[in-house]
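Here is a short tour of a two-part model, written to be read beside the coordinates. Have the viewer open and follow along.

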Amino acid sequence: MPIYVYGMNHASAPLEVRERIAFPEDGLVEAVGRLVAIGPVKEGLILSTCNRTEIVVHAPADASAVLKAFLVEERRAASEELDRHCYLRADGDAVRHLFRVASSLDSMILGEAQILGQVKEAYSAAVRGRGIGTVLDALMQRSFAVAKKVRTETGVSRFPVSIAHAAVSLARDIFGELHDRVGLIVGAGKMGRLAAQHLMASGVRTVIVVNRSLVRGAELARELKGVTAEWDRRFEAMERADIVIASTAAPHAVIGFDDVLRVSRARRGRPLFFIDIAVPRDVDPRVNSIDNVYLYDVDDLQGVVQANLEERRHEAESAEAIVEREVAAYLGWLRSLDVAPLIVDLREHVRNVGAHELARFRSRLGALTPQQQKTVEEMTEALVNKFLHHPIQAMKRIAANGGGDRLTFLREVFGLSAGEPRRETGRPGATVEGRDAAPHHPESSGAEAKLGAVEALSGEPDDPR
Amino acid sequence: MDRSLLLFRVALLLYALAFVNTLIPMLSGRRRTVRFTPWIAAAGACAHTGALVALGLALDRCPIGTLPEVLSVLAWTTVLIYVVLVWRYRIEVLHAIILPLVLVVLFVSDLLPEQVVPIAAPLQPWLRPLHLFVIILGVAALFITFAASLVYVLVDRALKAKRPARFVLALPSLDRCEGVGRTSLFWAYLLLTLGIITGAIFNASLYGHFWAWKPRETLAILSWMILGVVVVARLGWGWRGRKAALLTIVGFAAVFLRMLGI
């Protein structure tokens, strides 16, 4: 199964190169069209994000030279530059690479969620550019499934690895859903504004803004559809709030231990969560020792993020194991496809024999009612299926384990000629109908034969009656 | 009797399996199988139901007669409540606390000899099972309260230590623990109070007096009062958070000790 991945990622090329090579989004469909118009390329897909540009193709022979030429042509890249930064992965390695990319194991931020969406977009662009045939289609569908599996079965995407997300995640650990919670923004500066927006995006509906300058505070409050309170009454506001984000430019703590102790008593033990993103810090660190009050400053959040990253790296090990298993399963499946044309041929051959013999003996049966006629036909069909069941099962097993020679032998045994064009086009070299200029057998385009072959594999009943 | 014993062992095995299943991700990092835990536990509860019915049929009475039977019914009730809670509120972490508790109760029940408490022929055959069943429901609810409070304390500690709990099981939020703990505490106290009242009536019908200050009765009323303090603090004064959770754990311990020494 000649599948190739050619391209560069964040590890192999600096941003400055990546951004020049990246394909613009709006021209992607056309680019795929030009890609598959190249002679040896039968199917193709272009994955282009800010962290990687990769071309995935199905081509019968080594395609690296062609793909390099394509990139040189398309992106005006220098040939030596590509030599320096690009990698080529073939067959099993290509499949593994694609699975790892889709599962976000190859991402700059391990386990980030966007890449799967980007891969899906690349796939849909490739479909529109008529670059997707049966081989890449199966491969891409499989890689989506693998990505989903990795996501649900391992913790590689589980814990947040940005400070903002870590803070929201902590708030959820305390309060559960944030809808009914009240946020208090102390300091209406740029950081405060960003944090408030993030908080509201996470579900908090009500915010109170407190700022030394009431005017600026009111401005931000209006923008967030919240309310504002005077600076001197910030502790009263704190009694109503659940999440406090402090980000003033004050040179010393503006929220002291005794103040929070008083607030906490008034709250009768309802939890209060301080997020102190100011440097120097706004909240007295001792506040964290008060019962039901939780304080996280920038360093604490950074620590959480580091721990989460560590966790993701740990989880990535089991994710790699999943990918490895899936690659093996996929390659086995691909090999079993080799047998599909043989199965189709064999079934057709035996069916023809059955139909022929039925026609020959039909006259001797005399007049039959439609019911009887149907029964005789059904019997012939059942005979064919029953006879073929075990041979077909055995062929699938042999093919999945990579026994190509033995399949040739089987062809000989059953008297199926090996030189039919169908067999050639039915191999995983099948292309989308009408796009490939190569001559086909008039009755069966590659895609049709392939479809028949896939049906032959999946439609076989396990227990013939 | 044999059939009920067999079913009982099956239930015990399934509960144990469910518990081991919660440990798998902590040992091997594979999280996939954890979600089957409530199903395994529910299957155990089914076998347990069968065991109780078979026992009741064999004895030709309600199977809440002896201490082992009471404990068995308690474990059964707890598992049922736990399964419902997990399905309704997604508090998976309850596995890790409720299942060992259930196993302990069942092992004790299994180890105790039959007929520990010889019962005088009850004048009212339904009053004693009713009294015991109300208490059992109350204690089962209190198990949940205990589990929720324990999780609260654990999550609180992790948050204070700036190391958000990285258990393999998703931990519920403090808010959720608080809510479940409070609700279950309310029901537990209501049922236990009812249990003491029915117990007094039972006494009256059996011995002709409501209360005799026998050690078991004294202990019962004492643990009930300790729990009462917790209830007043949490539901009356609106105590919340860590201290309330710790206090609840103390109250639970009092009731649990009293119960094991029925």
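Which residues are exposed on the other side of H9(A)? They are A:Lys190 and A:Ala201, where exposed means that 12 or fewer other C-beta atoms, placed from the backbone, lie within 10 Å of a residue's own, buried that 20 or more do, and partly exposed anything in between.

## About the model

This is a predicted model, in which local features need pLDDT of at least 70 and side-chain atom pairs count only at pLDDT 80 or more, while totals for chains, interfaces and linings use all residues. Residues are numbered from 1 along each chain as its sequence is written, and chains are lettered from A and ligands numbered from 1 in the order in which they are written.

The predictor gives the complex an ipTM of 0.79 and a pTM of 0.70. For chain B, the mean pLDDT (the predictor's confidence in each residue, from 0 to 100) is 81, and 87% of the residues reach 70 or more.

## Helix H9 of chain A

H9(A) runs over residues 190–201; helices (H or I, at least four residues) and strands (E, at least two) are DSSP runs, numbered from the N terminus. Its twelve residues reach 17 Å from first C-alpha to last, close to the expected 16 Å (1.5 Å times one less than the number of residues). After the helix comes A:Gly203, with a positive phi near 120°.

The buried residues of H9(A) are A:Gly192, A:Ala195, A:Ala196 and A:Leu199. They share one side of H9(A) because they cover an arc of only 100° around the axis, taken from the directions from the helix axis to the C-beta atoms. Their cover includes three strands of chain A, E5 (182–186), E6 (206–210) and E8 (243–246).

## Where the chains meet

The contact (C-beta atoms, placed from the backbone, within 7 Å) takes 22 residues from chain A and 21 residues from chain B. On chain A, H8 (163–175), E10 (293–297) and H13 (298–337) each supply at least two residues, and H13(A) gives the most, with six.

## Nonpolar cores

A nonpolar core is a set of buried Ala, Val, Leu, Ile, Met, Phe, Trp, Tyr and Cys residues joined through C-beta atoms within 7 Å. The largest has 121 residues, of which A:Val244, A:Ile245, A:Phe274 and B:Ala147 touch the most other members. Helix H5 (residues 127–160) of chain B brings the largest share, 19 residues.

Beyond its neighbours within four places in sequence, B:Ala147 is in contact with B:Leu94, B:Ile97 and B:Ile98. A second, separate core of 69 residues includes A:Ile3, A:Phe99, A:Leu116 and A:Leu342.

Notes:
Contact = placed C-beta atoms within 7 Å.
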